[in-house]
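Dear colleague,

A short account of the findings follows it.

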Amino acid sequence: ATGRLGCTAPFPTLPLMVQVSTPLLGGTGPRSRSFTRNVAATVAGVCLVAALGLILVSTRQLGSPSFLEALESQDDGTYLAAMSKGEDGTGFMQKLQNVWFVMSNKGDTKVAKEAQALAVQLQTADFPHTVKHDTNSEVNPCEDFYEFACGGWTARNHDSIPKSQTSWALSWDAAQLDIQEKMVTLLEKDEGPSGHFYRSCKDTALIEKEGAKPLAPWFKVIDSIENKEESLRSVIVSLNKANLDMFFSWYIDTDSHNNQQNAFFLTQSDTSLPDPSYYTEDTPEMVEHRAVFVERMGHFFKLVGRPDPEAEAKLVMDFETKLSAILDDRTTAYKEHAAVTSWAEVAEMAPGFDWKAWQTQLAACTETFNGIPKFCENDHDSIMAVGTPEGKPLYMRNK
């Protein structure tokens with residue numbers, strides 16, 4: 001047991017010797033085999049306790065290699081994990097817990113963490129390498145389970161998140177990339193509307209020739225705003241029908257309380273930059289993000305021939321900064337569940353906007369402002385019925 005655990009390897013002068021007579025280990029008597037197992041288990045337990053005691057001293061006084069490192073280098077994870085199971089294992093783990101408790105209360109955090117980490121190492125020794133590699137054994141799973149389970153992965157990958165993204169998930173990103181590659185293969189051969197749209201985006205020669213002309217209808221409808229009431233609302237509806245959110249967002253999805261039907265959802269809008277912190281934090285990184293955003297917006301406005309590109313870029317930044325101040329942060333927005341509401345409650349929360357008129361205009365089947373063929377023939381009665389007993393329910397998130 002001593003050689004298997006490597007107790008003598010890091011401590012050559014370890015004064016622990018176990019002598020057993022030959023008949024005891026190799027005898028043929030009826031009690032020799034079970035008695036031998038008991039002795040072996042006792043020796044293993046004594047060895048681990050002695051090793052722990054020595055490591056608590058040596059790590060502080062002699063600078064000897066940590067016993068945790070010795071454990072980490074063992075190949076037989078299953079054997080080590082077995083040391084934390086069964087009656088003997090439970091007793092040993094209790095001793096480690098006692099060491100952690102006493103040393104924590106004495107203020108000796110180094111020793112307490114050593115005992116805690118040793119217990120975690122033993123209990124996770126038979127985890128698959130890919131799983132164990134992603135954990136953080138220095139953290140007590142009872143205090144911060146997420147850091148214990150994912151801390152190793154986070155430490156290795158934190159600085160590799162692309163600057164253009166606020167988060168990164170290898171599994172999901174890889175799946176999304178695989179789907180995109182398959183979609184591209186299909187779109188390149190498709191002769192329907194989808195294929196034509198895709199190939200038009202790749203026709204860089206035509207794009208350069210057209211310049212800003214395709215964007216002219218969009219700027220025209222925006223520049224048509226004359227007041228904050230009917231004029232602004234009409235433009236918002238036109239952009240909503242073109243799949244653009246203005247000031248708030250809306251969508252149709254599965255009913256949160258009845259998956260047999262859809263529901264109409266209202267929620268907060270979004271900003272150009274990924275998160276409100278990009279507008280509010282004054283760290284060098286965020287300041288740089290804002291400066292680059294204003295410069296890029298100004299360059300865009302210049303390319304499309306706007307009369308005062310720099311001023312319009314700053315106007316966009318000022319508006320989005322004010323908007324970000326009233327938005328929930330990404331984490332809160334993601335966690336919040338939608339709640340059933342009514343148009344009367346929505347109107348009470350935002351009385352400066354005519355929500356009934358917006359709903360009516362949204363439901364109307366109208367010609368598009370940018371020349372794209374309309375996809376409807378009649379008004380959408382189901383939209384008009386939202387929030388009524390006869391229609392689909394109305395939900396709101398991020399109140």
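This is a predicted model: local features need pLDDT of at least 70, side-chain atom pairs count only at pLDDT 80 or more; totals for chains, interfaces and linings use all residues.

Residues are numbered from 1 along each chain as its sequence is written, and side-chain values use heavy atoms, with hydrogens and water left out.

Helices (H or I, at least four residues) and strands (E, at least two) are DSSP runs, numbered from the N terminus. Two strands are said to pair if DSSP finds at least two bridges between them.

The sheet is open and consists of four strands in the order β1-β2-β4-β3, with mixed pairing. Its edge strands, each pairing on one side only, are β1 (248–255) and β3 (339–340). β1 and β2 run antiparallel and are joined by eight bridges; they form a hairpin with two residues between them. Strand β2 (residues 258–268) runs parallel to strand β4 (residues 394–396), and three bridges join these two. Phe265 in β2 stands opposite Tyr251, and Phe265 also stands opposite Tyr395 in β4.

Asn136 is found in the loop between α8 (129–132) and α9 (145–157). Is Asn136 buried or exposed? Asn136 counts as buried because its relative accessibility is 18%, where buried means under 20% relative accessible area, exposed over 50% and partly exposed in between (1.4 Å probe, protein chains only). Apart from neighbours within four places in sequence, Asn136 is in contact (heavy atoms within 4.5 Å) with Glu147, Phe148, Gly151 and Gly152.

Yours sincerely
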